[in-house]
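Please look over the model with the numbered points below beside it.

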Amino acid sequence: MIIERTENPQWLSNAYLIADEGGGTGVLIDGNDDVGPLLERGEGEGIEITHILITHPHLDHVAGLAEAQKRLGGVPMVAHPEAAAELDLDIDIEQTLADGEKLRTGGLEIEAISTPGHAAGHVAFLVNGSDLFTADVLFKGTVGGTMAPGASGFEDLKASVLKLLELPEETAVHPGHREPTTIGAERASNPFVRIWRGEAETGDEQVTVWGRPATLKLWAPDYDGGNKAWIVFADDGTEAIVGGSQVERG
């Protein structure tokens with residue numbers, strides 16, 4: 001199987017070309033305003049790209065897809081029904097995939113796994129049972145935030161991550177930002193996962209987030225070289241995962 005990735009230098013978001021083989025059949029997963037090299041490889045190797053799959057509707061994961069669709073002759077775009085309802089008008093979803101539904105094209109079998117939290121209609125795509133495209137739910141060493149527009153919240157995100165961790169440890173994880181990892185590596189060392197699996201304790205540092213007092217349960221590295229924080233707001237008890245830049249410590 002061919003897996004080719006581009007990474008937008010500003011957003012650090014990934015777009016992917018997946019194909020069964022050179023001269024075979026493939027799909028795009030997400031857009032990052034830098035899908036040109038993926039299309040060029042497809043053209044150069046005679047790969048017929050039959051579908052464009054969208055994990056969730058945020059701009060850094062759909063930018064450039066309308067243009068890619070035109071270049072590919074109008075191949076169908078595919079997303080979860082909830083994500084389809086949130087996408088901009090220039091992206092027309094011809095097919096939807098809900099949790100557990102599969103798309104088969106050429107030698108690829110692609111299963112949609114519902115993974116809300118970062119976005120209500122977020123899905124991960126499991127390709128041929130071996131490669132998992134997680135977008136903004138699970139990354140190398142960290143997890144997705146829960147305060148972005150359209151987010152469905154902390155409990156959804158936690159449940160989604162733990163659901164993905166039930167896959168075999170050798171499953172390759174291709175996230176929506178930065179480099180790949182594996183299910184086994186995230187079980188062993190992801191600080192959020194270790195706490196959620198009962199293998200580590202939370203903290204109790206008092207901080208401020210957007211002017212609201214909060215308890216910092218975890219301060220961990222993020223994919224962009226910064227930090228990510230798991231916090232609980234004092235005023236209403238809401239739990240959230242936010243970027244470290246939003247947290248005032250000390």
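Predicted model: local features only at pLDDT ≥ 70, side-chain atom pairs only at ≥ 80, totals over all residues.

1. The lining of the second largest pocket is made up of five nonpolar, three polar and two charged residues.

2. The largest pocket holds about 440 Å³ of space. Its lining has 25 residues, and H118, G145, Y223, K228 and G243 are the ones nearest the centre. Two elements, β19 (227-233) and β20 (239-243), each give two or more residues to this lining. The biggest share comes from β20, which gives three residues. By class, twelve of the lining residues are polar, eight are nonpolar and five are charged. As background, empty space of this kind is found by rolling a probe the size of a water molecule over the atoms.

3. Which residues of helix α1 (residues 36-44) are buried? They are G36, L38, L39 and G42. Viewed down the axis of α1, these buried residues fall within an arc of 160°, so they line one face of the helix. The general rule behind such a pattern is that an α-helix has 3.6 residues a turn, so residues three or four places apart point the same way.

4. What do the buried residues of α1 pack against? Their partners are the strands β1 (2-7), β2 (14-19), β3 (25-29) and β5 (48-53), together with the helix α2 (65-71). After α1 comes G46, which has a positive phi, near 65°.

5. The largest nonpolar core has 23 residues, and those touching the most other members are L132, V143, V161, F192, W196, W230 and I241. In soluble globular proteins, nonpolar side chains tend to be buried together.

6. Leaving out neighbours within four places in sequence, F192 is in contact with T142, V143, L218, A220, K228, W230 and I241. Among these contacts, V143, W230 and I241 are also listed with F192 as core residues that touch the most other members. K228, another contact of F192, is one of the residues nearest the centre of the largest pocket.

Definitions and conventions: Residues numbered from 1 in each chain as written. Heavy atoms only, no water. 1 Å grid on protein atoms, 1.4 Å probe; cavity = no way out; pocket = protein on both sides within 12 Å on 5 of 7 lines; lining within 4 Å. Points joined across faces, edges and corners; volume = space filled by probe spheres on them. Helix = DSSP H or I, 4+ residues; strand = E, 2+ residues; numbered from the N terminus. Nonpolar A, V, L, I, M, F, W, Y, C, P; charged D, E, K, R; others polar. Buried < 20%, exposed > 50% of the residue type's maximum accessible area, 1.4 Å probe, protein only. Arc of directions from axis to C-beta. Contact = heavy atoms within 4.5 Å. Core = buried A, V, L, I, M, F, W, Y, C linked by side-chain atoms within 4.5 Å.
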